[in-house]
Structure formats: C-alpha cells, structure tokens
Amino acid sequence: MTIAPERRIYLVNVADLLRRPGSHREIEFVAPVHSIAVVDSAVPEGAEAQVRLKLEALSDGLTVTGTVRAPWRGLCRRCLEAAEGELCAEVREVYASHPVSDDIWPLHGEQLDLHDLVVEALTLELPLAPLCNPSCLGLCPECGINRNDADCGHRGAVGDPRWAVLEQAQFQENDPEG
C-alpha cells in the first residue's frame with residue numbers, strides 16, 4: 001500500500017503501546033489539511049492543523065484524546081462579508097484491530113492513521129452559519145446597505161415586512177367563563 005507523502009505525517013507507530021496495555025504517549029504535530037468545507041465555511045486550502053493528542057493503550061486497542069486546531073474562513077450569514085476564526089475540536093476516540101461497532105475506528109497493524117480523525121473533527125467544528133462577529137448588524141432589508149458600515153435610517157425595519165400586518169392585528173382573549 002502506497003501512502004501519499006502529505007499523509008505520512010498522520011501515521012504514528014504504536015507498536016510499543018500495543019505491547020503494553022495501560023501505557024501512554026503524548027504526540028504533537030502540524031500537518032496540512034485539504035478540502036474541508038461545509039455550506040459557507042471552509043478550512044483554507046494549504047492551511048495546517050495543529051494536533052495535540054494523548055494515546056493510551058488498552059488490552060485490545062487505543063484511546064486517542066486531545067485537540068485539533070485549524071483556521072477557517074467563510075462568508076458572514078448576516079452581512080456577506082468575510083468571516084474567519086480558529087476551530088478547536090476536542091477528540092476522544094477509540095481505535096481497535098477488530099472494531100465491534102461503527103463508533104470505533106479501525107486500527108491496521110501497528111500504524112495509527114490519524115488523517116481521517118483530524119478531517120472529521122475539523123469538519124464537525126466548521127460553522128454552518130458563520131458570523132464576522134457576534135454583534136453583526138447585517139444588511140438592511142429595505143436598501144441593502146451593510147449596517148456595520150453605515151446607518152441607512154431604516155433601523156426600525158428589522159422584521160420581515162411580510163409579517164407587518166400581524167403586528168397591527170389585535171386579538172381578543174377567549175374567556176372560558178364569559
């Protein structure tokens with residue numbers, strides 16, 4: 001089996017751990033990540049993931065705990081300007097030579113391949129609806145101006161105009177005794 005050079009950094013030799021259940025080792029590395037995206041956010045092409053993990057040997061496999069960090073970029077859902085930040089994914093996974101469920105990652109021989117774990121952890125952390133900042137005012141629904149840059153004078157028109165008639169409606173309470 002041939003492994004691409006950029007994926008070799010994700011391979012960790014765990015022969016020593018597998019021979020001594022209860023032993024552990026901490027690892028750290030920086031590795032390139034490619035093609036991680038959801039909706040309007042992505043890890044930029046050529047970005048690097050910072051991986052800090054603790055590997056612990058079990059009688060029939062390994063537990064992997066730690067963090068995976070990487071930058072992300074996208075479009076703000078409110079103002080459509082650039083948004084960016086850092087992903088920090090906490091991981092706690094089990095690897096086994098003979099997995100008994102889909103929740104357990106397969107362990108092939110004495111090499112632990114962490115590539116798919118890193119990609120999955122980062123993918124799950126990407127924001128589905130990114131914001132450039134939590135207090136982003138967005139675009140004015142009437143004139144389309146970015147409210148973060150200028151005041152268009154339409155501050156009162158925050159709601160959807162299709163619901164305006166309901167705001168004016170007056171409802172009578174049903175009195176069960178009357």
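Let's start with aromatic pairs: this structure holds two of them. Rings of Phe, Tyr and Trp (its six-membered ring) pair if their centres lie within 6.5 Å; planes under 30 degrees apart count as stacked, over 60 as edge-to-face, and the rest as tilted. A quick note: this is a predicted model, where local features need pLDDT of at least 70 and side-chain atom pairs count only at pLDDT 80 or more, while totals for chains, interfaces and linings use all residues. Residues are numbered from 1 along each chain as its sequence is written, and side-chain values use heavy atoms, with hydrogens and water left out.

So, how do Tyr-10 and Phe-29 pair? Their ring centres are 5.8 Å apart and their planes sit at 90°, so this pair is edge-to-face. Tyr-10 comes in the segment before strand S1 (11-13), and Phe-29 is in strand S2 (residues 24-32), 19 residues apart. Strands here are DSSP runs of E, at least two residues, numbered from the N terminus. Both Tyr-10 and Phe-29 are buried, and buried means under 20% relative accessible area, exposed over 50%, partly exposed in between (1.4 Å probe, protein chains only).

Now the other pair: Tyr-95 and Trp-105 have ring centres 5.8 Å apart and planes at 25°, so they are stacked. Tyr-95 lies in strand S7 and Trp-105 in strand S8 (residues 104-106), so the pair ties together parts 10 residues apart in sequence. Tyr-95 and Trp-105 are buried too.

Let's stay with strand S7 (residues 82-96), which also holds Gly-85. Gly-85 counts as partly exposed because its relative accessibility is 30%. Leaving aside neighbours within four places in sequence, Gly-85 is in contact (heavy atoms within 4.5 Å) with Ala-70, Pro-71 and Trp-72.

How values were computed
Helix = DSSP H or I, 4+ residues; strand = E, 2+ residues; numbered from the N terminus.
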